[in-house]
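Q: Hi! I'm new to this one, could you walk me through it?

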Amino acid sequence: MSKLTDQKDLSSLSSNHKSKKKNGLMRNDDNDSGDDLVKGTLDIEYEEDELEKDWSEVIKLNKKNLQMIIPKRGEKDYEPDGTDIQELLLYKARKAMFDALSNSVRGTTVKHQVKAVYDFDKHKALVLNPKGAFLQTMGHITNNGEFWLDFMEFLYLAERGTITPYCLKSNSMNLNQLLPSIDDHNLLPLSIEDIYAFFKTQREIDEFSVYSHLKRLGFIITKVEDDDNDNNKITFSPKVGPFKSICGYQLHSLFKQITSLFVSHKNNLFNGLFYNPSHYKYIKYTSTPQIYNNLKLLIPHVEVPKTLLELQHRKQSYLLNKNKNHSNNPLKLTFNVWKPQTNYKKKIPELPDYQIVVYNKNDNKQHFPTNDDLKNIFDSLNYKFEFLDKSKKNAGTINWDDHSYINGIPRSAILSKNQKKKITNSQSETINNIKEEKRKTLRKQPSSSVSSSTPAHIKQIKRLKNGYRSFILAVMDNGIISFIKISEADFGSEDVWYVPTVQAKKIKKPQYQYKKRNIMKQSNTDQKV
Amino acid sequence: MEIHSSDSNDRSVIETLVKENLSYFQYWTDVQLEDKALSWRGTDLRLVSGIPPNKLSNDDSEIQREYILPVNMTQHKEEFITLECLDLVFEKLCNKDTRRIILGIVNSDGTIVFYSIYNGIHKPKKN
Amino acid sequence: MAKHNSRLNNVRYKYPLPIHPVETTLPLPELLPHNPFSWIYWFYKYYRLVYSNNEDNLLETKITIDVIGGDSFPHIMVRDKNDMLYLWENGFFGTGTLSRSEPTWYTRMNQIVNGDITLNTGDINELEQITRRRRLERLEFKKLREKLQMELLELKKQSALSGSDIDSNGGLDETESLKRINDLLLKQREQLRDFKALQESYNKQNIGIHDNVMDNLKFDYESLLDENGDLLSLESLELMPVEATFLSFALPVLNITPRELFRKILPNNDNSSYDTVHSFIIHYVAYHFYRSHGWCVRSGIKFGCDYLLYKRGPPFHHAEFCINVMDNDPLYYRSNKNMHDYTWYSRISRVIGGAKKTLILSYVTRQTTKKQIMEWWIKGQYHKVFNSYEISEIIYKRWVPGRNRD
């Protein structure tokens with residue numbers, strides 16, 4: 001059933017590489033950068049990697065087979081001006097694009113061909129003789145040494161021409177039985193269109209669009225698996241025993257509830273006094289911050305977790321309550337994303353740099369995340385919280401290998417264990433040392449490590465602008481993907497009111513004010529001279 | 001009965017605000033409230049007209065009298081001004097050759113924003 | 001120049017709120033927490049300084065407002081010239097109805113009427129002058145560009161193509177024409193760039209550009225004068241409903257009680273149902289929240305959001321944050337009408353991103369029943385009402401993968 005709709009979406013998907021329409025009129029291939037003169041400055045900053053390519057230059061690249069940056073196009077004409085010249089330029093530009101596409105070399109040499117066979121039951125593909133750079137970041141090896149690609153990986157590599165896609169000729173055949181010596185008689189080559197027809201849901205198509213888009217940009221991507229309790233997965237928040245967790249986190253939240261009750265009650269009494277105008281008869285304020293401090297007690301706000309310890313608490317209580325408050329929102333973390341890198345370790349990856357939620361804006365069953373949905377997503381996050389790095393900048397960036405765990409063991413310990421496999425004795429010692437160190441840093445964490453160089457108000461603005469926990473929302477709209485970074489903010493924990501400096505305070509005294517002004521004017525003219 | 005009188009009072013308030021803004025802030029001249037009225041959703045709509053100090057668009061051949069329809073921001077948000085309403089405004093309140101009117105949206109923060117509305121399709125202006 | 005301004009501004013805007021601290025003629029002695037004697041001394045001094053005079057924090061005479069436009073579209077006006085100035089200088093409240101923000105119309109006009117300045121030689125630092133200047137610059141630039149484009153079109157029309165068949169490879173004529181057009185294009189770009197640079201340098205040297213429009217302005221100044229020949233004060237300061245509420249409920253400087261104010265500005269407030277006050281409450285809660293943490297909160301209408309946050313105020317910093325108040329009331333957002341779809345978010349974020357500001361979505365959540373809120377509301381216990389809403393915030397920002405790779 002769903003295949004029909006899937007097919008319909010193919011056209012939008014395949015044209016998705018450069019979804020922007022080429023409806024602008026092209027001018028000549030002058031790649032002078034002066035075009036920002038006329039163009040509005042509004043979007044220049046954002047559009048860098050969306051800029052359309054000048055196809056006439058692409059041809060030259062193809063011929064020379066050089067890895068170069070494709071130059072930007074010139075500015076657009078406002079309207080058809082009826083001249084032949086304009087027509088000619090337009091024609092040339094269009095022709096250049098088609099030439100660029102038709103002249104490109106495709107296919108692989110037999111020697112380098114890698115065959116992958118799609119398995120309908122598993123919805124995965126088996127790679128027959130795995131070789132190539134993709135092995136380092138994609139696929140997984142089973143216990144008996146078979147190399148399998150997830151469906152998205154399969155399609156992505158097939159589209160790129162890295163693998164040659166096949167399926168078994170007959171449904172009655174079984175891949176496992178044929179395995180030891182599979183030969184071409186049993187295999188049926190697949191076209192890209194065939195593979196697209198294997199998508200199971202619209203959601204899977206959406207996810208693939210996002211996957212392939214980021215993949216082409218060089219990111220490393222894996223799917224976020226559902227079972228958060230899987231010990232073999234890397235996490236910043238190691239699992240603790242059930243007893244400890246219940247005591248620790250439930251008590252913690254109970255305590256918070258009680259204190260917040262107390263605080264709000266106290267605030268109400270206080271507010272009743274402050275917002276009664278006659279209280280000014282009895283209470284006098286001698287500084288503006290006193291007034292602010294009273295004003296700000298009126299509106300309560302949600303405080304967000306800011307330290308590693310607080311983050312771990314949130315994650316643990318999320319895992320404990322996960323089954324209880326199973327929200328009906330289908331939006332959840334879809335992808336782990338790492339920035340392009342060469343030392344990625346597929347078996348023990350570090351925490352991802354970003355986590356992505358895929359959302360289709362035209363699906364009636366989905367809605368843009370509400371505040372509650374967002375809270376849920378924030379609590380489920382498991383990545384390198386970049387704001388922790390920033391807060392510790394001068395103390396040296398946080399070493400995530402010490403603060404991310406697999407099976408409760410810090411990643412750094414696993415790495416060093418792998419390195420010094422021979423010296424087995426020192427293992428436990430290392431782990432203990434690291435644990436000890438971890439405890440120390442955790443204790444230190446909550447106190448904001450003040451760096452000497454950046455002024456406090458600049459740091460404050462940075463905190464306000466960047467926020468805390470964050471994820472990327474990838475919005476699908478008929479093949480067009482928009483990425484949005486959604487971060488928690490906490491303006492309620494920052495005060496920005498103006499506190500006059502000592503100098504300004506002196507001017508305050510009314511009897512001196514006139515004189516002071518005169519002096520100031522004088523000193524100013526001095527400066528000018 | 002009272003509701004009606006307060007309604008027309010509201011109307012005259014934003015008409016006055018638009019008139020004052022044009023005369024004293026934008027330096028328009030000969031700003032006046034037009035006589036013709038149109039009843040729309042229980043409110044009498046009138047246009048304010050005046051002569052701007054410069055051409056409002058490069059496409060204009062010369063400075064001309066412009067017609068402004070005052071509207072409150074809250075109304076604007078509630079989609080008080082519909083296509084039907086604008087058609088009626090062009091038909092009943094304007095001359096036959098009026099190509100555009102200007103929406104004067106009065107906000108509650110002391111600002112008024114002006115937007116041109118053209119009757120029919122109009123070539124976009126060059127940026 | 002800038003330094004001079006900032007010093008004057010520090011004097012002019014030394015109070016961020018319209019309620020001032022009590023002036024103490026002598027500084028208070030230092031309070032040493034570990035020394036009990038210093039405490040006693042401090043309290044003695046405090047009493048002497050603060051309570052010996054009758055002065056308190058409130059204004060001597062409160063500010064009168066005029067609500068026009070009925071309860072459906074209220075406009076809250078401050079008419080008195082000194083009051084307008086006071087509210088602007090002590091927290092940047094309100095907007096001059098005939099100015100960009102600070103009510104400067106009277107000063108500007110008075111200078112013109114007295115012949116001190118003309119409209120185009122006026123103090124270039126006035127916001128209104130800067131706007132006018134930029135508009136003129138853009139206009140001049142466009143005129144030049146138009147002229148150059150006509151030249152280019154002429155050349156294009158002249159350039160005969162070798163054959164009528166556009167497909168043919170073309171002869172020397174075609175290559176030559178293309179080359180000439182390309183050369184002209186490059187020259188024109190250079191010209192436009194130079195023109196921009198020239199404008200920029202005039203701008204820096206403060207050289208006025210000639211504004212023909214303003215010279216030819218047939219402005220009837222006579223009509224602005226009273227019988228004594230003095231300029232009429234035609235400008236008012238308009239307060240947003242949330243600002244007026246803050247200045248009545250939180251810091252009582254307006255000559256009106258909150259209850260009276262709400263009766264005037266909220267529709268059908270006599271037979272109050274929660275729906276009539278809900279939207280106002282959540283907007284006030286957000287306004288108060290940011291104000292109380294020290295921000296100067298002004299209308300965000302220019303950027304399609306609810307509020308702009310300034311540090312200290314518009315003369316000191318650009319607004320870096322745009323606040324959009326999000327109705328997080330389960331009764332409202334669950335219904336489809338009130339749930340924004342992605343297009344809404346995209347629209348608002350592109351406008352704000354284009355202005356290089358940060359968009360904050362500020363979710364306001366009711367923590368108690370509607371019935372309870374209305375009970376307090378009717379009793380006039382507004383602090384309990386506002387205290388029952390909680391703020392939680394997110395930052396919404398466009399993310400470009402290509403710019404986040406390393």
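Below is a short chat about this predicted model.

Q: How many helices and strands are there in chain A?
A: Chain A has 18 helices and 13 strands. Of its 529 residues, 22% are buried.

Q: Okay, and which residues have the most contacts inside the largest nonpolar core?
A: Those are A:Ile356, A:Ala474, C:Val285, C:Ala286, C:Tyr290, C:Leu309 and C:Ile323, in a core of 133 residues. Helix α10 of chain C, residues 274-292, gives the most to this core, with nine residues.

Q: What does C:Tyr290 touch?
A: Not counting residues up to four places away in sequence, C:Tyr290 touches A:Phe491 in chain A, plus C:Trp295, C:Val297, C:Tyr307, C:Leu309 and C:Ile323. Apart from that core lies another, of 20 residues, with B:Ile14 and B:Leu17 among them.

Q: New topic: where does UniProt place the "active site"?
A: The unreviewed UniProt entry puts that feature at C:Tyr310, C:His318 and C:Lys357. They span 48 residues in sequence, yet no two of their C-alpha atoms are more than 11.3 Å apart, so they gather at one spot.

Q: Is C:Tyr310 buried or exposed?
A: C:Tyr310 is buried, because 20 other C-beta atoms lie within 10 Å and 20 or more count as buried. Its place is in strand β6 of chain C, residues 307-311.

Q: And where does C:Lys357 lie?
A: C:Lys357 is in the loop between α12 (342-354) and β8 (358-366) of chain C. C:Lys357 is buried, with 20 other C-beta atoms within 10 Å. Leaving aside neighbours within four places in sequence, its contacts include C:Phe303, C:Ala319 and C:Glu320.

Methods: Residues are numbered from 1 along each chain as its sequence is written. Chains are lettered from A and ligands numbered from 1 in the order in which they are written. This is a predicted model: local features need pLDDT of at least 70, side-chain atom pairs count only at pLDDT 80 or more; totals for chains, interfaces and linings use all residues. Helices (H or I, at least four residues) and strands (E, at least two) are DSSP runs, numbered from the N terminus. A residue is buried if 20 or more other C-beta atoms lie within 10 Å of its own, exposed if 12 or fewer, and partly exposed in between; C-beta atoms are placed from the backbone. A nonpolar core is a set of buried Ala, Val, Leu, Ile, Met, Phe, Trp, Tyr and Cys residues joined through C-beta atoms within 7 Å. Two residues are in contact if their C-beta atoms, placed from the backbone, lie within 7 Å. UniProt positions are given in the numbering used here, feature names are shortened, and annotations may be inferred rather than shown by experiment.
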